Amino acid sequence: MITFIVCIAILITGYFTYGKFIEKFFGVSSDRPTPAKKLADGVDYQEMKPWRIFIIQFLNIAGLGPIFGAILGAAYGPVAYIWIVLGCIFMGAAHDFFSGMLSVRNDGMSLPDMVGKYLGSGVRKFLVFFSAFILIAVGVSFVTGPADLLHTLTGWDKRIWLYIVFAYYIVATLLPVDKIIGKLYPVFGAILLFMAIAIAGVMLIKGFSGELELTELSIGSIRNFHSNPDTNILIPMLFVVISCGAISGFHSTQSPIMARCIGNEKYGRPIFYGAMIAEGIVAMIWATAAIAYFGGPEGLNAAADAGKTPAIMVDEICQSWLGRLGAVIAILGVVVCPITSGDTAFRSLRLTIGDALKFNQKPLRNRLAVAVPIFAVAFILCKVDFSTIWKYVGIGNQVLATIVTWTAAAYLVRAGKNHLPMSLPATFLTFVCVCYFMIAPYNVGGLFLPATISYLTGTAAALGLFIFFLTRARKIRKEKISIS
């Protein structure tokens, strides 16, 4: 109980302390005109109220990620709490803030163009294809997933639900951002937040009454509790399994959508940094609930080994703790939440491709010219087994987060500021990604080399890239001095 309360308190405190530091460090200015004011087009560049943008951003980046990912990560034990809290405050929220505010400062620029500006055209070209893969993977998965669930609940043919979900995605992708997304998301956000707050409330009541025992974080509990530790290696697997709730590169593909809707830079911290802190709190609630409900990390692993998926666990916890209302909320959340990430994934893909082709997206015919091929490809992919591709989305998230964090560090160098708040997280993420590709078992995309070799190689790669970055930073600073 103490661990849970302290972790939530630290996350909230992080928003008001480190979040404020990052805001001042970046140099937010209320006097700068934002893209929504300079480039208003009534479609994508559309000013909206800050509270509405916050909810949309929260749902864009969250969906079921901080629920399912946190439950899967909780199988490693209470050590997951450390990653959620520290990762969220010092990495994920800062990553989201910089990706959002750099887009604001660059007229709502999409992610590949923004990265290319600070890391070079080669990286930009790579990121166009890489981010497109991530977005199409998320979009397609969040078509088939809700369709499967709705088929199970209603008995209707899955193809009917595929067509319905696809139709919604097409309309949401083409219409102005404030027409569907801006109106429906507050309702969807209320569902997700209510579910998390209700679960936290029940957990606290049961904990204080003695009905429920919450596993505390201690020196002895900082180890790998996973039932299959040889395959699910704590480092680096934990840092990939829990991406949403700690740090996720997918968020940086979504931030430019909201960067085009902000009316004042002063809203950057509550919208970008704050939405990520809210996601971290949701992840902390569900990681703790999963461990507590099943009687500790060992019980959680036993339930998973018995065939209980995160969706089944969420439904069981909600029904047990919240009754019939909880069951309804759980079903709505499990169906609706992935849709809120799927529709904005397709919208972000439209914007990314449109920007890459320098294609004005204000005319409907231009939006159709980009969107129709996207949905044609997505529809074809829905008919094949997508599980193999989905295995790579987790590490793809963290590779993308690594690139964006290095981008933020490069921006700080060009701005004449200390790059360490972003270059140090980027170095750590580089280590995680390199280790993952080397140590992770072949069935999730790695080489399965011995741990010692993988860790040494990951360390060497991370330090090597950090030293290279320092060299480039010194060169840039010298060039600025010589010009001045």
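## About the model

The model is predicted, so local features need pLDDT of at least 70 and side-chain atom pairs count only at pLDDT 80 or more, while totals for chains, interfaces and linings use all residues. Residues are numbered from 1 along each chain as its sequence is written, and side-chain values use heavy atoms, leaving out hydrogens and water.

## Helices H1 and H13

Let's start with H1 (residues 2-16) and H13 (residues 268-293), whose axes come within 10 Å and cross at roughly 175°. The two helices are therefore roughly antiparallel (an angle over 145 degrees). Axes here are lines fitted to C-alpha atoms over the stretch in contact, with angles from 0 to 180 degrees between N-to-C directions. Helices are DSSP runs of H or I with at least four residues, numbered from the N terminus.

Contact means heavy atoms within 4.5 Å. Among the residues making it are Phe 4, Leu 11 and Tyr 15 of H1, and Tyr 273, Ile 277 and Met 284 of H13.

## Glu 265

Glu 265 sits in the loop between H12 (250-259) and H13. With a relative accessible area of 2%, Glu 265 is buried (under 20%, where exposed is over 50% and partly exposed lies in between, using a 1.4 Å probe and protein chains only). Leaving aside residues up to four places away in sequence, Glu 265 touches several residues, including Arg 32, Met 101 and Arg 105.

## Backbone details

Most residues other than glycine have a negative phi, and most peptide bonds are trans. A cis peptide bond joins Ile 235 and Pro 236, with omega about 20°; Pro 236 belongs to H11 (residues 234-241).

Asp 107 has a positive phi, near 60°, and is partly exposed at 32% relative accessible area. For Lys 358, phi is near 55°, and this residue is exposed at 69%.

Terms used: Angles under 35 degrees count as roughly parallel, over 145 as roughly antiparallel, 65 to 115 as roughly perpendicular and the rest as oblique.
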